Amino acid sequence: MQDIVDEISRLLDASVTLEDRSFNLLAYGAQSGDIDRVRQESILRRHASDEVRAHFEAYGIATATGPVRIPGLPGLLGRVCVPLRHGGVTYGYLWALESGALTDERLATVAPLVSRAAALLATQARGRHAPLRQFFSADPVVRATAGMNVEGPVTAVAVRTPAEVSGPPRALPRGVLADPEVTDTAVNAPLLAVLAPAAQAAHVARLLHGLYGMAAGVGGSRDDPGEAWQSWQEALLALRVAEHVERHAPVADWGALGVYRLLARLSPRELADLAAESAALTPRIAASVEAYLDHAGQVKETAAALGVHRQTLYYRLGKAGHLTGLDLADGEDRLLLHLSLKAALLASHS
């Protein structure tokens with residue numbers, strides 16, 4: 001998706017963003033020319049405000065079948081919205097800040113890329129949400145057929161399964177709903193999607209790890225089963241952390257991930273940009289710096305944990321500052337380097 005946006009941005013020579021139909025930011029191109037508050041906040045907060053959403057939807061973008069030109073206002077630049085439609089359904093929006101050169105002919109040149117982006121969003125929606133329809137249904141018949149009372153708090157669990165495994169395991173506790181027909185569209189790998197009563201979710205995740213020997217991610221609890229899809233999204237992100245961060249393996253609980261709840265939401269490009277801040281460090285120096293920062297800058301405790309002399313640690317910290325250009329005596333530099341080292345774990349597998 002990022003590659004598509006970068007190419008559209010290049011062809012249009014315009015500032016481009018791509019959002020899903022709920023106005024959550026999915027990708028954005030390099031800034032070209034002026035920027036307004038809406039684009040800035042969309043990138044920084046990764047979603048548009050309700051006020052902005054209502055303003056744009058008033059132009060009929062949800063049902064439009066072609067580009068919609070939205071005039072500028074004081075403090076708001078004009079822009080073109082191209083609905084990302086596939087099979088007659090709008091899955092998202094491509095936004096381009098109006099530069100005065102976005103003619104209909106020029107927009108037509110990116111139509112194949114727009115169609116590709118729409119198809120990707122449609123595939124993602126089918127791959128992650130359609131198979132889980134019965135999880136989120138308010139229809140009591142569907143719930144009864146599933147053999148589960150989903151009136152109370154529920155939690156989603158995601159487990160990547162071996163390719164040769166088919167069907168849900170028989171050892172799941174009563175009242176747990178499982179769907180093995182889910183695909184992680186990011187890496188085209190099979191997943192087992194589970195919806196469990198919130199009180200049983202941790203037990204179910206450990207059970208599945210024991211059965212398959214694979215990592216598991218546990219989402220946050222939702223009182224309303226209609227919001228279980230949010231728990232599923234969190235479970236997928238937690239699974240990503242469980243697979244690549246030893247501290248949170250083999251079963252990662254969304255509520256216990258700390259800063260990784262933020263990092264796991266970043267795109268591969270954003271993770272790579274953040275990880276680049278510490279890329280110059282050797283593995284040994286990186287591990288020493290991360291341990292130092294994890295121990296809140298306590299040299300004695302860090303040296304003991306690493307099994308090295310304090311002078312050795314001081315040397316490595318000084319070397320880290322020289323290699324990165326960051327000052328470990330500065331709070332913001334320490335924070336940047338700490339986040340960079342954490343992001344590197346995820347970026348190397350994205």
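## Conventions

A crossing is termed left-handed when the near helix is turned anticlockwise from the far one by less than a right angle, and right-handed when the turn is clockwise. Helices (H or I, at least four residues) and strands (E, at least two) are DSSP runs numbered from the N terminus.

The model is predicted, with local features requiring pLDDT of at least 70 and side-chain atom pairs counted only at pLDDT 80 or more, while totals for chains, interfaces and linings use all residues. Residues are numbered from 1 along each chain as its sequence is written, and side-chain values use heavy atoms, with hydrogens and water left out.

## Helix 11 against helix 15

Two packed helices are described by the angle between their axes and the distance between the axes. Axes are lines fitted to C-alpha atoms, for helices over the stretch in contact, and angles run from 0 to 180 degrees between N-to-C directions. Helix 11 (residues 268-275) packs on helix 15 at about 130 degrees, with the axes 7 Å apart. Helix 11 is therefore oblique to helix 15; angles under 35 degrees count as roughly parallel, over 145 as roughly antiparallel, 65 to 115 as roughly perpendicular and the rest as oblique. The crossing of this pair is left-handed.

The contact holds ten nonpolar residues, one polar and no charged, where Ala, Val, Leu, Ile, Met, Phe, Trp, Tyr, Cys and Pro count as nonpolar, Asp, Glu, Lys and Arg as charged, and the others, Gly among them, as polar.

## Helix 12 and its two partners

Helix 12 (residues 283-294) meets helix 15 (residues 331-347) at about 120 degrees, with an axis separation of 10 Å. These two helices are therefore oblique to each other, and helix 12 passes helix 15 in a left-handed crossing. Ala286, Val289, Glu290, Leu293 and Asp294 in helix 12 face Arg334, Leu337, His338, Leu341 and Lys342 in helix 15. By class, five of the residues in this contact are nonpolar, one is polar and four are charged.

With helix 13 (residues 299-306), helix 12 packs at about 135 degrees and the axes lie 9 Å apart. Helix 12 is thus oblique to helix 13, and their crossing is right-handed. Ala287, Ser288, Ala291 and Tyr292 in helix 12 are in contact with Val299, Thr302 and Leu306 in helix 13.

Conventions: Contact = heavy atoms within 4.5 Å.
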